[in-house]
Amino acid sequence: MKSALKKLAQPFADRLFKRLTGRSAMEAAGLANRKAVGLEVERATKGTPDRPIHLVFVCHMPALWGMFDTLHRAAAADRDFRTTVVALPCMHPNLAPGRFTDLGMYDYLKARGVDVVAGYDKNSDAWLMPESLAPDYVLFQTPYNHLFPRLWTAQHISTFAKVCYVPYATTLFRGEVDEIVHPEPFFRATSLVFAENAVARDRLIDRFKSCAWFREEAFVLSGSPKLDYIVTKGAPDATPWKHGASSERTRILWTPRWWTKDGSCHFFEYNSYFADFCARHDDVDFVFRPHPLSIQNFLNTGELTGADVERMELSYERSSNMAIDKGGDYQGAFLASDVLVSDISSMLIEYVVTGKPIVYTHRIDLFNELGRTLSEGFYWVRNSDELTATLETLIAGNDPLRGKRSQLVKTLLFMPKGGAGARIKETLKADFRRRGSIRAG
């Protein structure tokens, strides 16, 4: 009886397995056998100097491409490397509950001239098998295994390649958010973590040093590739600004938090405020840059309706000096802006490098020690009256915290000569040549 039930259930199990992995159970069995028999041969050849080091970049969010851009370009220009960029659909509960989406990643990279492969084929309903790429190092944009099918988790990939992580954001939060953005299962599977500054590196070491898998040398001070574009002073992008990047108006960029659960989001308090402010101040050009998750999240929670979003977008379209930046990345808006208004966010530490003033909209204190120190260079505002007074002071050209921000950049941030992307590339090359083979899973 048990045998008969097992026989009946097998076809269903095979179909489910194929849907989840893109392979039949028979193919998977063959793959497992190949791994068992051939893995040692692969490892024996990985350290040979006559073949390039293969870097695979796993991407699922256009706004985060900046964390890979300079590293990818540095590796692509080095004959000791070859690169593969995979646009991998994710299942983010705050964006598209119950279905995978690449958030426009594939099209974004194609538009930038990046050679990209799709991680999922809709026509065949099959996932790209990461083993088929034969990578040496695999880099993820975020440390969240739950976003991807099992075969693309860090734990699975660490059995045949080295998983590396370049933090997508410097957390300025303490408590729950800090725990969320540094999940232990992901870091347990990584071989190298590239810390953006000494404070971030020390905090990661302190967090994980009691774990059995911990190796201090795995946490490398590298700087953040996301800041390379500021150091190299790329050309400002005038696209989101209605009056262009060369206008004499003061360009104000607004980046509110994407959810309201922790009490730090001011989107609903200041959305109408800025419409009134810009109507009264014809000397400003204003851009609202929503977090990629925010609008869909507010729709999911019921805090916004579709009609609300349509009205908001229409009001921005009709305004003479307001726009919504829906572009894939935000670097151009950063470079062209004159002032940032923001809730607590990793955007704060990135923007401080520009040297421009930051207006921090405060309600609840969530800063960790790094955020608290950095915030000494921000203009804190707690209500609309303080926000108006601060913005009008800055528009008039008065910025008394300019020197403080410059000092904080020098003492808190690590900006390696040549850029973080080039530094990470050289670290990977040294690691590959020194160790000669991948870690044994």
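Predicted model: local features only at pLDDT ≥ 70, side-chain atom pairs only at ≥ 80, totals over all residues.
**Entry 1**

I started at Asp125, which is partly exposed with a relative accessible area of 25%. Residues are numbered from 1 along each chain as its sequence is written, and side-chain values use heavy atoms, with hydrogens and water left out.

I found Asp125 in the loop between strand S4 (120-121) and strand S5 (126-127). Helices (H or I, at least four residues) and strands (E, at least two) are DSSP runs, numbered from the N terminus. Phi of Asp125 is near 55 degrees, a positive value in a residue other than glycine.

I located Leu103 in the loop between strand S2 (81-87) and helix H4 (105-111). Leu103 is partly exposed, at 26% relative accessible area.

**Entry 2: strand S8**

Next I looked up S8 (residues 190-195), and six of its six residues are buried. Strands pair here if DSSP finds at least two bridges between them. S7 (residues 162-165) runs parallel to S8, and three bridges join them; Cys164 has Leu192 in S8 as its bridge partner. S8 also pairs with S9 (residues 219-221), again in the parallel sense over three bridges. There I saw Phe194 opposite Val220 in S9.

**Entry 3: the six-stranded sheet**

I traced an open sheet of six strands in the order S12-S11-S10-S13-S14-S15, with parallel pairing. Its edge strands are S12 and S15 (379-381), each pairing on one side only. On average, neighbouring strands are turned by 20 degrees against each other, direction ignored. Helix H16 (residues 384-395) packs on this sheet, touching S10, S11, S13, S14 (358-361) and S15, and its direction makes about 150 degrees with that of S15. Axes are lines fitted to C-alpha atoms, for helices over the stretch in contact, and angles run from 0 to 180 degrees between N-to-C directions.

Phe286 has Met322 in S12 as its bridge partner.

**Entry 4: Ser342**

Is Ser342 buried or exposed? Ser342 has 0% relative accessibility, so I count it as buried. Ser342 lies in strand S13 (residues 339-342). Its side chain makes a polar contact of 3.0 Å with that of Thr255. Such a contact is a pair of N or O atoms within 3.5 Å; within protein, one must be able to donate a hydrogen and the other to accept it, and residues adjacent in sequence count only if both atoms are side-chain atoms. Beyond its neighbours within four places in sequence, Ser342 is in contact (heavy atoms within 4.5 Å) with Thr255, Leu348, Val359, Tyr360 and Thr361.

**Entry 5: helix H12**

Which residues of H12 are buried? I noted Val309, Met312 and Tyr316. Seen down the axis of H12, these fall within an arc of 65 degrees, so they line one face of the helix. The arc is that of the directions from the helix axis to the C-beta atoms. Turned away from that side are the exposed residues Glu310, Arg311, Glu317 and Arg318. The cover over the buried residues includes S10 (250-255) and helix H10 (267-280).

Technical notes
Buried < 20%, exposed > 50% of the residue type's maximum accessible area, 1.4 Å probe, protein only.
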